[in-house]
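Trainee: Please pick one part of this model and go through it closely. I would like the cut-offs stated as you go.

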Amino acid sequence: MSKVYVIHENSEWTVHLTRRLEELNIPFEEWDLSEGNFDLTEEPPEGIFYSRMSASSHTRGHRYAAEYTSAVLEWLESYGRTVINGTGALRLEVSKAAQYAALFKHGIKTPRTLVATGSEQIIQAARKLGDPSFITKHNRAGKGLGVRLFHSIEELERYVYGPEFEEPVDGITLIQQYIETPDQSITRCEFVGGKFVYAVKVDTAGGFELCPADACQINDLFCPVGERVEDKPSFTIQTEFNEPIIEKYEQFLQAQNIKVAGIEFMKDKDGNLYTYDINTNTNYNADAEKEAGIFGMLQLAEYLQGLLQKQYGVPN
């Protein structure tokens, strides 16, 4: 029987989806690609493939999971299989530079960002940015990897040449414009099937200074079982959310062939909206969803169910 194949490297992040698949009696199989092997000449099984590969997989000891998944997705797509969040999504998942380039090309405003590799180049990039305060982050990130706020070049130099410097797994560090928001919040917009589901506002006043870097750290807080922080921001689903950016986001996701994503933005004191992160391995905040009566994983499971029924006639 054809089924849904859930591709991942972290079962703890996947269980919330598989529970929904079980509730709906949808046949599924997990493919844990933290390691593995396959024959390129062998035809893949029939089914709907959904990739939840994470940019931070290397931090869980799965150094080459993303690279291996890329090969698997290429194989699946070469045989014409339906892949949700395939090679295009993974390319953006593992490179924030690729995200910003794609967003910029699509006319979506992002914080000004310089890309550097090598200690001296990081410092030169910060000088070129020319802002009194700025942040650094890893190009291949997730979990707020490499995120730091600096208020001077001298402070950056001490970090880059000091023992606390974190070398990015791909060797690329981003130097980025620091955005201050007046209400200390960010907004994350969730999409399933390429369509807007809901927006959740995250108050970071209790634990973070507001900047793109701090907001990146919030990614962990969308993880239901991941690392904890002491001061957990509050999550509020916006029932009357009506930002024009949603239409652009949907067009952007369609152009990138991304079906499931969480896109995060913030606004500065003048109301300028900056999009700073795309999560193709999205998780949802259980408390906020319960309060609003909206459940992202349920909608995702129903979306996969619809694809399976349409393509293979698997009964609902």
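Mentor: Arg148 and Glu164 form a salt bridge, with 3.2 Å between the closest N and O atoms (a salt bridge being a side-chain nitrogen of Lys or Arg within 4 Å of a carboxyl oxygen of Asp or Glu). Arg148 belongs to strand E7 (residues 148-150) and Glu164 to the loop between H6 and strand E8 (173-177), so the pair ties together parts 16 residues apart in sequence. Helices (H or I, at least four residues) and strands (E, at least two) are DSSP runs, numbered from the N terminus. This is a predicted model, in which local features need pLDDT of at least 70 and side-chain atom pairs count only at pLDDT 80 or more, while totals for chains, interfaces and linings use all residues. Residues are numbered from 1 along each chain as its sequence is written, and side-chain values use heavy atoms, with hydrogens and water left out.

Arg148 is partly exposed at 28% relative accessible area, whereas Glu164, at 51%, counts as exposed. The classes are buried under 20%, exposed over 50% and partly exposed in between (1.4 Å probe, protein chains only).

A second pair is Arg127 with Glu157, again a salt bridge, the closest N and O atoms being 3.2 Å apart. Arg127 lies in helix H5 (residues 119-129) and Glu157 in helix H6 (residues 153-160), so this pair ties together parts 30 residues apart in sequence. Glu157 is partly exposed, at 27%.

By the same rule the count comes to 15 salt bridges. One of them joins the side chains of Arg60 and Glu9 (2.5 Å, N to O). That pair links distant parts of the chain, 51 residues apart: Arg60 is in the loop between E3 and H2, and Glu9 in the loop between E1 and helix H1 (11-23). Glu9 is buried, with a relative accessible area of 3%, whereas Arg60 is partly exposed at 25%. Glu43, Glu46 and Arg81 are linked in a network of salt bridges.

Now strand E3. Five of the five residues of E3 (residues 47-51) are buried, so the strand is largely enclosed by the rest of the structure. E3 runs parallel to strand E1 (residues 3-8), with five bridges joining them (strands pair if DSSP finds at least two bridges between them), and Val6 stands opposite Tyr50 in E3. Three bridges join E3 to strand E4 (residues 82-84), also in parallel, and Ile48 stands opposite Thr82 in E4. E3, helix H2 (residues 65-78) and E4 make a right-handed β-α-β unit; right-handed means that, with the strands pointing away from the viewer, the path from the first strand over the helix to the second runs clockwise.
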